[in-house]
Amino acid sequence: MSPKEVITPSIDRSRIVAPAVPANFISRKHLFYLFETGLPGVTVVAAPAGYGKTSLVAEWALTRRDHLIWLTITESDSLQDMSALFIQATRNVIPGFAPWFEKEAGIRPVEIVRRWGNELLATGKNFKFVIDNLREFTTKDVDISARLVEQFPSNLQFVTIRRDSIETVYAIFSSRGPLKVIGTPDLAFSETEIETLASMHAIDY
């Protein structure tokens with residue numbers, strides 16, 4: 001196990017790494033251009049379940065894994081849980097990152113992100129940060145999401161995967177730089193892709 005893979009025992013490693021592309025996956029590299037926002041751009045991938053959002057972003061992100069920070073959040077995560085996952089996901093890329101996190105209990109999430117952003121900026125490198133949001137009831141997250149994104153550093157491209165759109169914070173996302181929204185029309189499978197999928201699963205399409 002390499003140093004960057006050493007994680008806190010209570011953290012599920014699958015939550016802080018990009019998922020592997022499944023064997024029966026149809027490559028959609030022709031959609032990669034949709035992520036070309038530059039820095040510090042924001043890409044929102046929003047569509048209901050079944051549109052291949054996570055697989056698409058994972059395929060794109062895994063071609064840029066050197067400075068990729070990936071975080072998956074679920075309905076049961078508290079702000080404290082998300083903070084710990086947030087820091088550990090970054091430590092996968094930068095071992096030993098944010099040594100103050102365990103030493104200073106009770107730091108507000110906005111302050112954690114502010115320090116995180118400053119330290120990322122100080123590295124002099126560019127990063128891609130993906131949040132795969134599996135939460136169903138996300139309206140309660142809007143305000144804090146907006147405050148957190150405002151703290152993101154300029155050397156970061158942010159990609160968020162969601163099941164619902166969050167137009168109310170698009171203005172804040174745009175204030176960081178170019179904003180690209182990838183929705184159901186972009187993600188809909190073509191006839192050829194559907195035929196290929198049917199063949200993979202032995203379905204008489």
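Mentor: Contact here means heavy atoms within 4.5 Å. Please bear in mind that the model is predicted.

Trainee: Which residues does Phe173 touch, not counting residues up to four places away in sequence?

Mentor: By that cut-off, the partners of Phe173 are Val42, Val44, Val149, Phe158, Thr160, Ile166 and Leu179. Phe173 also belongs to the largest nonpolar core, which has 36 residues; together with Trp116 and Phe129, Phe173 touches the most other members. Helix α2 (residues 79-91) gives the most to this core, with 5 residues.

Trainee: What makes a set of residues a nonpolar core?

Mentor: The members must be buried residues of the listed types, such as Phe and Trp, joined through side-chain atoms within 4.5 Å. A second, separate core has 19 residues, including Phe32, Ala47, Leu56 and Ala61.

Trainee: Why is helix α1 (residues 53-61) described as largely enclosed by the rest of the structure?

Mentor: Buried means under 20% relative accessible area. In α1, Lys53, Leu56, Val57, Ala58, Glu59, Trp60 and Ala61 are buried. That is 7 of the 9 residues, so the helix is largely enclosed. Those buried residues pack against β1 (42-46), β2 (68-73), β3 (127-133), β4 (156-162) and α7 (184-187).

Note on methods
Residues are numbered from 1 along each chain as its sequence is written. This is a predicted model: local features need pLDDT of at least 70, side-chain atom pairs count only at pLDDT 80 or more; totals for chains, interfaces and linings use all residues. Side-chain values use heavy atoms; hydrogens and water are left out. Buried means under 20% relative accessible area, exposed over 50%, partly exposed in between (1.4 Å probe, protein chains only). Helices (H or I, at least four residues) and strands (E, at least two) are DSSP runs, numbered from the N terminus.
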